[in-house]
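Hi,

Here is the structure I promised to pass on. Have a look at it first, and my notes follow below.

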Amino acid sequence: MKQPVFALVDCNNFYASCEKLFRPDLRNTPVVVLSNNDGCVVARSKEAKALGIKMGVPVHHIKQEIRQHGIQLFSSNYTLYGDMSHRVMMTLEAMAPKVDVYSIDEAFLDLTGLERLMSYQNFGQQAKDTVHQNVGLPVCVGIAPTRTLAKLANYAAKKYPATGGVVDLTNPARQRRLLARVPVDEVWGVGRKIASRLQAMNIVTAIQLADTDLATLRKRFSVVLERTARELNGVPCLPWEDAPPPKKQIMCSRSFGQPVYALANLEEAVTHFATRATEKLRGGQQYAGELMVFIRTNPFKSTVPQYSKSASVRFISASQDSRVIVQHAMNLLRSIYRDGFEYAKAGVMLSELTDDSALQDDLFGSSEIGTAHSARSERLMSVIDEINRKSRAKICMARETGPAVYAMRREHLSPAYTTDWGELPRVL
Ligand SMILES: [Mg+2]
């Protein structure tokens, strides 16, 4: 069997790069993109990073820097980013037989067997140039025999400018040299918790993890970390068909643009969040076993009485049906709602995600609200998703209509350059 080779192509400062692309006047200007409601920094251009602006910092903490350095602010414009992402992925799909979109701005490419045609380094350079030419966005490319190493190769391509943004890590000696320089918490799949446990065992760099006894890792951590260590040693353990580790939870929550008092308004917001979260669930071909709903007042507003409450429910059978999940969300919301508070935020979280609806099949058939995963339910949901994806008309839950009290504050929103004829960029 041929030794597999993967490339990870990852956009640089994706959201900030998307904003800059349509504002050539900001080419050398520091740019940051803000989270929902313009709260925190979620993306920074390289100029903003150089100024020491940190990820996640609340925008009101950097007022001074914004004034002093003329930092340009943008509200997050997911319509734009989603469309730019689609263009990047289409370009990559034209270059490699297998492309696995991992997140909005990164994809794995299967390059197995490519070596007969050209060097990996050349391919990486070509991918980078083609995306830049076709879409206008900068990317870095990491190439290696496992996806975990490809992730690290990409990390190196970003971190060390001398690489020119392309790192071919197919050579084992090169792998070892890089592993020795990379902190263990930069390894794919090693979260903060695992990293601190590893550090307590004096495993601080990636190479130390690669050299740890596999049985020990399995026993003290999990088979997942054992696989990671194997992958660091160049042994592919994540088959191509294996989707990347599924998201553990799907969250959908938002601060309201204005204070909310009435249950009806909260119902509308929570219906919206539950519907969006369930769409994401279906997008990932998953089913949820548990639903949590929360509401709260603004803890920073000391002049109003405070209230914060959440409630959750486990489904008898895992579901991806919006009707079922929204109905449960309404029941939970009504059970925690209290009159007389000024609500500032609400949200839903789906957890216990599985990719198999039959896993926790309902012992009593279909006694729950709606048949959780009957063939009819699946057909209905896929038709709704199809209509919502393809047409301007939207099908939504009746409670979702009306003026959106949960509407976001988006005072710095850039135009929908690529998805609205009325907002095309103008060349003066
Ligand atoms: Mg990126």
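Leaving aside its neighbours within four places in sequence, which residues is T91 in contact with? They are T130, V131, N134 and V135, where contact means heavy atoms within 4.5 Å. T91 itself sits in helix α4 (residues 78–93), and with 8% relative accessibility it counts as buried (under 20% relative accessible area; exposed is over 50%, partly exposed in between, with a 1.4 Å probe and protein chains only). Helices (H or I, at least four residues) and strands (E, at least two) are DSSP runs, numbered from the N terminus.

A word on the ground rules: this is a predicted model, so local features need pLDDT of at least 70, side-chain atom pairs count only at pLDDT 80 or more, and totals for chains, interfaces and linings use all residues. Residues are numbered from 1 along each chain as its sequence is written, and side-chain values use heavy atoms, with hydrogens and water left out.

Now the metal. D10 (OD), C11 (O) and D105 (OD) coordinate the magnesium ion at 2.1 to 2.5 Å. Donors here are N, O and S atoms within 2.8 Å of the metal (3.2 Å for Na, K and Ca), and water is not among the atoms, so sites may look incomplete. Along the chain, the donor spacing reads D-C-x93-D.

Last, T216: you'll find it in helix α10 (residues 214–220), partly exposed at 24% relative accessible area.

Cheers
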